[in-house]
Amino acid sequence: MPLVSGAEVVLGAAKDGRGVGAFNVIQLEHATALIAGAEQLGAPVILQISENAVKYHGSLKPIAVATLAAAAAATVPVVVHLDHAMDRDLVTEAVSLGFTSVMYDASKLDYADNVAATTEVTSFCHDHGVFVEAEIGEVGGKDGVHAPGARTKPEEALAFAEATGVDALAVAVGSSHAMTERTAELDFELIAALRAAVPVPLVLHGSSGVADADLTRAVEAGMTKVNIATHLNNVFTATVRQVLADQPNLVDTRKYLGPARTAVATEVTRLLTLLKAV
């Protein structure tokens with residue numbers, strides 16, 4: 001299936017009240033697992049490559065080309081998305097490689113500079129038919145806008161969306177990045193208020209810390225794009241550990257990465273069901 005635009009998948013889901021799962025790719029096994037899980041349900045999916053993953057690989061192109069190739073071979077709509085890019089040049093490279101969606105993260109800048117930088121990137125991306133996600137900025141705590149205590153005000157979210165022209169907005173409603181326990185307490189009333197105030201789809205970051213039932217409630221309250229990374233890394237790593245514990249002499253990486261890939265695919269199918277992705 002040809003690659004689809006972020007706009008087609010995210011705006012379509014927002015219109016229908018569905019959620020879209022956005023899962024991170026670190027290795028090729030992640031990309032193929034995420035696609036397999038989505039294909040099992042017949043749901044669209046977003047494959048995210050973060051700036052941190054780019055740093056891990058040393059450059060964007062190798063993991064990007066592999067992910068784009070896997071996406072192009074999928075039987076369901078797949079968006080390849082650049083996640084949390086603070087490097088403006090990385091956005092340009094991603095667009096040139098064929099990404100149809102980017103998240104430009106200027107949240108560490110003050111508000112005026114964030115608006116100016118995000119507006120410039122949005123204009124560039126729109127000129128190339130690329131969907132843009134952004135976030136308002138640091139609200140408090142070392143995790144900034146996604147610290148557990150941070151909250152996005154509806155009027156500020158509306159002002160930022162209108163000023164920058166972004167296509168989707170990441171908001172702070174109680175989740176936090178890199179949580180290994182699913183104990184986040186989401187503010188569902190705030191999600192509904194943000195949905196009513198903001199004219200673009202809302203994005204929930206740090207969703208690995210959100211319990212199953214609350215993922216569904218978040219979508220029902222108004223969230224569209226839901227980012228989950230750490231939780232799937234837990235699934236992947238736990239499977240590798242178990243296989244190696246059971247077979248301590250194993251040296252063929254396919255023998256433990258394969259089961260991990262299968263476990264992630266199964267969990268992706270389950271998560272997409274919770275997110276009402278179809």
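1. Helix 7 is followed by Gly165, whose phi is positive, near 75 degrees. Helices (H or I, at least four residues) and strands (E, at least two) are DSSP runs, numbered from the N terminus. The model is predicted, so local features need pLDDT of at least 70 and side-chain atom pairs count only at pLDDT 80 or more, while totals for chains, interfaces and linings use all residues. Residues are numbered from 1 along each chain as its sequence is written, and side-chain values use heavy atoms, with hydrogens and water left out.

2. Which residues of helix 7 are buried? They are Pro154, Ala157, Phe160, Ala161 and Thr164. These residues cover an arc of only 130 degrees around the axis, which puts them on the same side of helix 7; the arc is that of the directions from the helix axis to the C-beta atoms. On the other side of helix 7, Glu155 and Glu162 are exposed. Buried means under 20% relative accessible area, exposed over 50%, and partly exposed in between (1.4 Å probe, protein chains only).

3. The buried residues of helix 7 have packing partners in helix 6, strand 5, strand 6 (168-170) and helix 8 (188-197). Contact here means heavy atoms within 4.5 Å.

4. Helix 6 spans residues 111-127, which is 17 residues. From its first C-alpha to its last, helix 6 reaches 24 Å, close to the 24 Å expected at 1.5 Å a residue. The expected span of a helix is 1.5 Å times one less than its number of residues. Just after helix 6, Gly129 has a positive phi of about 70 degrees.

5. Buried positions in helix 6 are Asn114, Val115, Ala117, Thr118, Val121, Thr122, Phe124 and Cys125. Their cover includes helix 5 (88-97), strand 4 (101-104), strand 5 (131-135) and helix 7 (154-164).

6. How do helix 6 and helix 7 pack? Their axes are 8 Å apart and the angle is about 45 degrees. Helix 6 and helix 7 are therefore oblique to each other. The contact is made by Tyr111, Asn114, Val115, Thr118, Thr119 and Thr122 of helix 6 with Ala159, Phe160, Ala163 and Thr164 of helix 7. The residues of this contact divide into 5 nonpolar, 5 polar and no charged. On terms: axes are lines fitted to C-alpha atoms, for helices over the stretch in contact, and angles run from 0 to 180 degrees between N-to-C directions. Angles under 35 degrees count as roughly parallel, over 145 as roughly antiparallel, 65 to 115 as roughly perpendicular and the rest as oblique. Ala, Val, Leu, Ile, Met, Phe, Trp, Tyr, Cys and Pro count as nonpolar, Asp, Glu, Lys and Arg as charged, and the others, Gly among them, as polar.

7. Thr122 belongs to helix 6. Why is Thr122 counted as buried? Because its relative accessibility is 2%. Leaving aside neighbours within four places in sequence, Thr122 is in contact with Val132, Thr164, Gly165 and Val166.

8. Helix 11 (residues 254-274) has 21 residues and reaches 30 Å from its first C-alpha to its last, close to the 30 Å expected at 1.5 Å a residue. Its buried residues are Tyr256, Leu257, Gly258, Ala260, Val264, Ala265, Glu267, Val268, Thr269, Leu271, Leu272 and Leu274. What covers the buried residues of helix 11 includes strand 1 (20-24), helix 2 (28-41), helix 9 (212-221), strand 8 (223-228) and helix 10 (230-246).

9. Arg261 lies in helix 11 and is partly exposed, with a relative accessible area of 36%. Not counting residues up to four places away in sequence, Arg261 touches Glu29, Thr32, Ala33 and Phe236. Arg261 and Ala31 are 230 residues apart in sequence, yet 9.1 Å apart in space, C-alpha to C-alpha.

10. Two residues other than glycine with a positive phi deserve a mention. Phi of Lys276 is near 55 degrees, and Lys276 is placed in the segment after helix 11. Lys276 is partly exposed, at a relative accessible area of 34%. Phi of His84 is near 50 degrees; His84 is found in strand 3 (residues 78-85) and is buried, with a relative accessible area of 17%.

11. Thr216 sits in helix 9 and counts as buried at 18% relative accessibility. Setting aside neighbours within four places in sequence, Thr216 is in contact with Leu274 and Lys276.
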